[in-house]
Amino acid sequence: MLSVENLMVFFENALALNDFSMEVKEGQIVGIVGSNSAGKTTLMNTLSGLIIDMRIKEKRRGGERITVYGKIIFNGEDITETKPNDRVKKGIVLCRERHPIFPESNVLENLKIAGYLKKTSRVREMIDYVFNLFPALVDLKSRKAGFLSGGEQQMLAVGMALVARPTLLLLDEPLLGLSPMMQNLLVEAVKGLRNDSGITVLLSEQFARPVLPMIDYGYVLENGMLTLTGTGQELMDNPEIKAAYFGV
Ligand SMILES: Nc1ncnc2c1ncn2[C@@H]1O[C@H](COP(=O)(O)OP(=O)(O)O)[C@@H](O)[C@H]1O
Ligand SMILES: [Mg+2]
């Protein structure tokens, strides 16, 4: 479904992603695991096309030079230079790090805003789906999003991405800062997504522990470099991973 070939991303002269290649097959949950500043967000922004907007903005204000080399192929089509909006239309939707929502709007309004480009009936259908996936949001429908807890905001953020009807959902550190219980809830929801609606998921995470058991395949990033790949089980069994992420 998605294939990334020799991706290099520079911020000025600093290399944020170094010759990174990966593959996501339809129906999989694929994980990117890496510590802080490993390049996870840079990868997500490059896959969603946000980096193109960043590049244009920086250029306009004479800021740092952002350079991208390599290729992104989605369903057989080269989308390396495709704008973020057009990627959304093709089915690639990113739920960004630290869940940006509209704090002054309530939960239902946020979900509707996320679907503003779609037909009303389809949006309603997807909003029902989101409330089904995260029943906790139902009672919070009319609450201002800014008053939700971190976990509730994350559910809302994932819900907003779903309203855009992804076929490939990109989740950048969806578990960041959440309690173990809330992490568990999100992990189960993502598995449910994949199993019930066939949405393919690529997610990034700093912590391997909650993520490795749920993924079909994983890529370990360190300083922008791919250091290890394997199935979730293979990575869990890997001595280096055990030492680095599981403290054994
Ligand atoms: N807009 C930017 N300008 C300059 N350097 C950046 C920018 N965004 C990220 N970087 C650098 O790229 C590297 C990867 O960052 P990032 O992708 O945010 O990592 P992660 O999401 O894994 O924490 C880091 O060294 C970071 O400092
Ligand atoms: Mg990040």
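1. Ligand 1 is surrounded by Phe 11, Ala 16, Ser 35, Asn 36, Ser 37, Ala 38, Gly 39, Lys 40, Thr 41, Thr 42 and Glu 64, where a residue is near a molecule if one of its heavy atoms lies within 4 Å of it. This is a predicted model, in which local features need pLDDT of at least 70 and side-chain atom pairs count only at pLDDT 80 or more, while totals for chains, interfaces and linings use all residues. Residues are numbered from 1 along each chain as its sequence is written, ligands are numbered from 1 in the order in which they are written, and side-chain values use heavy atoms, with hydrogens and water left out.

2. The shell around ligand 1 divides into 3 nonpolar, 6 polar and 2 charged residues; here Ala, Val, Leu, Ile, Met, Phe, Trp, Tyr, Cys and Pro count as nonpolar, Asp, Glu, Lys and Arg as charged, and the others, Gly among them, as polar. Helix α1 (residues 40-48) gives the most to this shell, with 3 residues, a helix being a DSSP run (H or I) of at least four residues and a strand a run (E) of at least two, numbered from the N terminus.

3. The largest pocket has a volume of about 830 Å³, a pocket being an open set of points on a 1 Å grid, where a 1.4 Å probe fits, with protein on both sides within 12 Å along at least five of seven lines, and its lining residues having an atom within 4 Å of a point. Of its 24 lining residues, the closest to the centre are Val 88, Val 93, Leu 94, Arg 96 and Ala 114. The lining divides into 18 nonpolar, 2 polar and 4 charged residues.

4. Asp 86 forms a salt bridge with Lys 89 (a side-chain nitrogen of Lys or Arg within 4 Å of a carboxyl oxygen of Asp or Glu), and both lie in helix α3, 3 residues apart.

Definitions and conventions:
Grid points are joined across faces, edges and corners, and a volume is the space filled by probe spheres set on the points.
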